[in-house]
Amino acid sequence: MNEGKIVRVNGPLVVAEGMQNALMYEVVEVGEYRLIGEITRIEKDRAYIQVYEDTSGIKPGEMVYRTGSPLSIELGPGLLGRIFDGLERPLDGILELSKSPFIKRGVKVNSLDRHKKWYYKPIVKKGDTIEDNDILGTVQETELIEHKILVPPSVKGKIIDTVEEGNYTVDEPIATIDMNGDRKELYLMQKWPVRIPRPYSEKLEPTEPLLTGVRVTDTIFPMAKGGTAAIPGPFGSGKTVTLQSLSKWSEAKIVIYIGCGERGNEMTDTLTSFPKLKDPWTGKPLLERTILIANTSNMPVAAREASIYVGITMAEYFRDQGYDTLLVADSTSRWAEALRDLGGRMEEMPAEEGYPSYLASRLAEYYERAGRVRTLGKPPRYGSVTVASAVSPPGGDFTEPVTSTTLRFVRVFWPLDSSLAQARHYPAINWLQGYSAYVELVADWWSKNADPKWKEYREYMVKTLQREDELRQIVRLVGPESLAEKDKLVLDVARLIKEAFLKQNAYDDIDAFSTPQKQVRIMKLISLYGQKSQELVEKGISVKRMNEKITIVTDIIRSKATIKNDELEKYDELEKILLKQFEELSKEV
Ligand SMILES: Nc1ncnc2c1ncn2[C@@H]1O[C@H](COP(=O)(O)OP(=O)(O)OP(=O)(O)O)[C@@H](O)[C@H]1O
Ligand SMILES: [Mg+2]
């Protein structure tokens with residue numbers, strides 16, 4: 001393969017000549033240190049290379065070596081519970097995040113451990129015909145996850161040899177096939193180029209909710225397995241905490257957390273909090289289902305651009321095994337800034353606010369990789385990739401290019417509001433601006449599994465909050481005295497909705513996670529309160545009087561943090577008292 005010569009170095013961008021026949025997106029090794037880079041533009045024999053490691057000291061005249069391969073990652077047992085950088089190089093611990101440089105330049109490290117043996121149980125036998133994505137066998141990777149060993153895409157053939165059940169490393173052959181007359185060995189591990197979506201059989205409508213345990217993101221703006229969400233929010237409004245809650249509590253089988261261009265200390269927080277946590281669905285350590293990818297603000301900018309693709313490729317790989325996976329990225333604004341930085345150095349014509357003109361197509365391609373699918377391969381199975389990304393618009397301006405472009409491609413919108421955050425209303429998701437395209441799709445699930453009235457209760461809450469907003473505008477103009485009692489009641493019920501349901505403390509042991517069953521119990525009480533109080537207001541009881549008499553409201557508000565998910569019978573008691581207090585009050589009519 002021909003070699004090229006460096007003619008220019010501009011930060012992470014290196015230009016080399018003599019690169020005829022090089023391929024777009026081919027990985028190259030740059031200079032004496034053999035830094036990893038990727039070709040992002042070719043003009044005649046000139047290649048523009050984005051380099052994933054610090055280029056200081058690299059000079060024109062040094063050589064560039066082609067590899068002939070696109071940027072690929074290793075997929076196999078040994079990913080779970082690990083921390084990788086944006087190129088899937090293992091970071092051995094949290095300590096490395098606070099040091100710089102992280103991995104010595106030019107050092108080639110294997111992503112998956114070559115020494116560790118995994119107990120592999122084959123499913124296929126000699127003589128079987130196998131093809132793309134069939135399950136060859138399994139490895140119990142962690143207590144939580146059985147890793148399905150897959151036939152790599154576009155591999156087909158007849159098994160001529162397979163190993164017995166036993167311990168194998170990721171690079172020992174576990175099966176040999178005859179593929180069009182050639183012998184081909186298969187391993188516990190496979191490779192996949194990160195910029196190419198992994199194939200599947202069919203994309204399906206997302207109809208199952210991806211439960212998050214967070215009431216506003218489950219009920220008001222629900223997420224579906226295979227869906228897409230954006231969490232835009234100004235500085236300090238709770239983006240990271242929201243993504244952390246999702247990765248900790250959501251019902252996904254596999255979680256991939258990408259810390260993309262955020263501050264190192266924020267990522268360290270995430271990393272130190274994870275190992276201590278247990279999965280609320282299984283009680284097992286959360287890390288057993290989690291992969292962390294860290295490319296913090298002090299790490300090379302080009303690797304930040306790649307980290308998103310590395311993460312989503314891992315998510316697709318677990319999807320192909322038949323799992324529901326969740327990818328969270330904090331934040332795609334920093335990723336877009338990496339694109340802008342690299343585009344600028346390539347002297348591309350900038351579009352809006354300096355971002356490259358392909359920002360929209362890159363974002364579209366990224367979100368397009370989410371979805372619920374019927375996978376390729378035998379036995380038949382379904383899997384999903386759900387994507388939730390934080391967006392950090394400068395100054396909280398949602399009309400800026402990254403936020404506004406993202407909004408075109410996501411189907412759930414959880415906008416964080418700085419005035420709510422300042423008022424310590426967390427999660428600070430603005431209930432008037434938020435949106436979910438999945439409400440209708442998941443309503444059936446809620447009706448069957450939680451309460452047939454879920455949708456009705458939800459609509460009641462949403463309408464009350466909208467009406468409250470209209471009334472607040474009137475109050476602003478003419479003062480609160482002008483409101484009729486029934487309107488005052490709307491404000492009163494809206495307050496209850498916010499206090500008892502929407503506000504949720506991510507740091508409270510009980511409140512942090514609400515099961516769907518608990519959510520509907522709170523919703524039922526709110527709706528009961530709304531209905532009963534309206535009846536009495538119509539009969540002439542004032543809202544003030546009601547607030548004096550219906551004292552159980554305080555307990556209803558507190559119940560989110562006092563009643564555990566497995567003590568829901570306590571809600572019967574609250575309901576009984578509520579009805580009794582209304583009964584008493586109705587005597588005053
Ligand atoms: N659900 C929540 N429950 C309790 N506190 C919260 C919640 N969400 C956010 N907070 C508080 O808000 C603070 C800031 O949140 P966070 O770090 O997530 O903001 P951010 O939007 O990621 O900020 P930045 O723009 O700096 O990345 C947290 O440290 C926490 O104190
Ligand atoms: Mg943050």
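What distance separates the centres of domain 1 and domain 4, taken over C-alpha atoms? In this predicted model, the separation of these two centres amounts to 63 Å. The domain assignment divides the protein chain into domain 1 (3-70), domain 2 (113-188), domain 3 (202-437) and domain 4 (454-586).

The position of ligand 1 can be described in relation to these domains. Residues of the shell around ligand 1 are given both by domain 3 (202-437) and by domain 4 (454-586), and ligand 1 therefore lies between these two domains. Ligand 1 also sits in the largest pocket. Around the ligand there are 16 residues, of which Gly236, Gly238, Lys239, Thr240 and Val241 come nearest. When the shell is considered by secondary structure, its largest share, 3 residues, is supplied by helix α3 (residues 239-249).

Individual atom pairs between the protein and ligand 1 involve both backbone and side-chain atoms, as follows. For valine 241, a backbone N or O atom is placed 2.8 Å from an oxygen atom of ligand 1, while for glycine 238 the corresponding distance, again from a backbone N or O atom to an oxygen atom of the ligand, is 3.0 Å. Glutamate 262 takes part through its side chain, in which an N or O atom is 3.4 Å from an oxygen atom of ligand 1. Taken alone, ligand 1 exposes 630 Å², and 80% of that area is buried by the protein. In general terms, the accessible area lost when the parts come together is often given as the size of an interface.

The peptide bond that joins aspartate 330 and serine 331 is cis, with omega at about 5°, and serine 331 belongs to the loop between β22 (324-330) and α6 (332-345). A cis peptide bond is likewise present from tyrosine 426 to proline 427, where omega is near -10°; proline 427 is located in the loop between α9 (418-422) and β26 (435-436). Tyrosine 25, although not a glycine, has a positive phi of about 65°, and this tyrosine is found in the loop that runs between β2 (13-17) and β3 (26-30).

Technical notes. Residues numbered from 1 in each chain as written. Chains lettered and ligands numbered in written order. Predicted model: local features only at pLDDT ≥ 70, side-chain atom pairs only at ≥ 80, totals over all residues. Heavy atoms only, no water. Near = heavy atom within 4 Å. Polar contact = N/O pair within 3.5 Å; in protein donor to acceptor, adjacent residues only side chain to side chain. Areas by Shrake-Rupley, 256 points an atom, 1.4 Å probe, with all protein chains shown as cover. 1 Å grid on protein atoms, 1.4 Å probe; cavity = no way out; pocket = protein on both sides within 12 Å on 5 of 7 lines; lining within 4 Å. Sits in = over half its atoms within 2 Å of the grid points. Helix = DSSP H or I, 4+ residues; strand = E, 2+ residues; numbered from the N terminus. Domains from an automatic or database assignment.
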